[in-house]
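Open the model in your viewer and keep the sequence panel beside it. Each stop below tells you what to select and what you will find there.

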Amino acid sequence: MVTPILSMAGKQAFATKIPTSGLLAYFDFNSSIQKTSGSASVTCTDGSTTSVVGVYGNGRQFLHTPSVTKITTGAAIIPQTGDFTIGAWVYRERSGALQFFLGCWDTNIAGNQLGLTFNSSNQIIARVRNTAGAYDDIGGSLAPSTLNVWEHWAYCCSGTSGGTHRLYKNGVEVATATSTVTRSGALAANFGFTADTNFFASCRLDEVAIYDRQLSAAEVVALRDGSSV
């Protein structure tokens with residue numbers, strides 16, 4: 001396998017293919033919001049019209065602006081039960097505020113939450129929470145993410161009580177947690193905002209991938225290094 005090369009600008013000169021087994025949806029943002037591959041039937045509403053240079057080709061920018069920079073899928077592509085993985089390249093552009101950027105979040109901010117978010121300490125964390133208020137955060141002891149730098153993040157979520165949740169940064173496992181939280185339901189995936197419209201991210205995203213299983217450590221590396229299916 002050829003190893004990708006990062007230029008000074010952060011763009012990779014060439015890349016391999018991402019894992020395809022269990023792929024539900026994959027968004028490269030090169031031409032439109034529509035997914036480029038995946039097994040789920042996904043219709044998207046795209047309120048984010050700012051296309052920027054991504055890690056591979058184009059990315060999508062979110063500007064912490066209500067009702068303007070957000071994306072939601074029209075199908076509950078994150079499953080209610082079972083394992084799943086969310087991976088994406090992330091470029092954080094704002095500090096000091098709770099910001100949601102990728103996963104599912106219902107209309108009650110204290111309700112069903114599942115995915116990746118920036119917290120008020122500028123950390124990128126993974127969160128699983130049900131409507132009863134039980135939750136676990138993965139990554140709360142990490143150093144803050146770096147502003148204005150592309151980082152690859154992947155959250156491997158366990159759907160089994162007592163299962164291990166894993167958080168990866170740039171292909172390296174950086175946090176784990178054992179969770180007994182039972183998810184409340186499957187929801188549409190949101191990019192850049194919470195469904196209750198109180199929290200909007202200020203960031204860029206590229207190469208978003210969602211799987212119906214936990215990727216292995218080697219597959220997370222392949223996801224980081226890949227830009228096509």
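## Stop 1

Select Leu 116 and show everything it touches. Leaving out neighbours within four places in sequence, the contacts are Ile 86, Phe 100, Phe 101, Leu 102, Ile 124, Ile 125, Ala 126, Trp 153, Tyr 155 and Leu 167. Keep in mind that this is a predicted model.

Now widen the selection. Leu 116 belongs to the largest nonpolar core, which has 42 residues. Phe 101, Leu 116 and Phe 191 have the most contacts inside that core. Colour the elements that give it two or more residues: β2, β7, β8 (99-105), β9 (113-118), β10 (124-129), β12 (150-157), β14 (172-179) and β16.

A second, separate core has 11 residues. Cys 156, Leu 215, Val 220 and Leu 223 are among them. We return to it at Stop 4.

## Stop 2: the whole chain

Zoom out and switch to cartoon. The chain has 1 helix and 17 strands. Of its 229 residues, 52% are buried. Take the contacts with a separation of 6 or more: 64% of them join residues 24 or more positions apart.

## Stop 3: strand β16 and its partners

Select residues 202-211. This is strand β16, and 10 of its 10 residues are buried. Which strands pair with β16? Step through three of them.

- Select residues 23-27, strand β2. It runs antiparallel to β16, with 4 bridges between them. Ala 25 stands opposite Ile 210.
- Select residues 58-63, strand β5. It also pairs with β16 in the antiparallel sense, over 4 bridges. Leu 63 has Ser 202 as its bridge partner.
- Select residues 84-92, strand β7. Here 7 bridges join it to β16, again antiparallel. Tyr 91 is bridged to Arg 204.

While these strands are on screen, look at their side chains. In a regular strand, side chains alternate between the two faces of the sheet.

## Stop 4: the helix and what covers it

Select residues 217-225, helix α1. Its buried residues are Val 220, Ala 222, Leu 223 and Asp 225. What covers them? The cover includes β1 (16-17), β7, β12, β13 (163-169), β16 and β17 (226-228).

Cys 156 is in strand β12. Its relative accessibility is 0%, so Cys 156 counts as buried. Beyond four places in sequence, Cys 156 touches Phe 84, Thr 85, Thr 164, His 165, Arg 166, Tyr 168, Gln 214, Leu 215 and Val 220. Draw a distance from Cys 156 to Val 220. They are 64 residues apart in sequence, and their C-alpha atoms are 9.2 Å apart. Both residues belong to the second core.

His 152 is also found in β12. Is His 152 buried or exposed? It counts as buried, because its relative accessibility is 1%. Apart from residues up to four places away in sequence, His 152 touches Gly 87, Ala 88, Trp 89, Tyr 168, Lys 169, Asn 170, Leu 223 and Arg 224.

## Stop 5

Most residues other than glycine have a negative phi. Two loop residues here have a positive one.

Select Phe 29. It lies in the loop between β2 and β3 (44-46). Phi is about 65°, although Phe 29 is not a glycine. Phe 29 counts as buried because its relative accessibility is 1%.

Select Asn 148. It lies in the loop between β11 (135-138) and β12. How accessible is Asn 148? It is partly exposed, with a relative accessible area of 45%.

## Stop 6: the largest pocket

Finish with a surface view. The largest pocket has a volume of about 160 Å³. It is lined by 15 residues. Select Gly 159, Thr 160, Val 181, Thr 182 and Arg 183, the lining residues closest to the pocket centre. Then colour the lining by class: 3 residues are nonpolar, 11 are polar and 1 is charged.

Conventions
Residues numbered from 1 in each chain as written. Predicted model: local features only at pLDDT ≥ 70, side-chain atom pairs only at ≥ 80, totals over all residues. Heavy atoms only, no water. Buried < 20%, exposed > 50% of the residue type's maximum accessible area, 1.4 Å probe, protein only. Pairing = 2+ DSSP bridges. 1 Å grid on protein atoms, 1.4 Å probe; cavity = no way out; pocket = protein on both sides within 12 Å on 5 of 7 lines; lining within 4 Å. Points joined across faces, edges and corners; volume = space filled by probe spheres on them. Nonpolar A, V, L, I, M, F, W, Y, C, P; charged D, E, K, R; others polar. Core = buried A, V, L, I, M, F, W, Y, C linked by side-chain atoms within 4.5 Å. Contact = heavy atoms within 4.5 Å.
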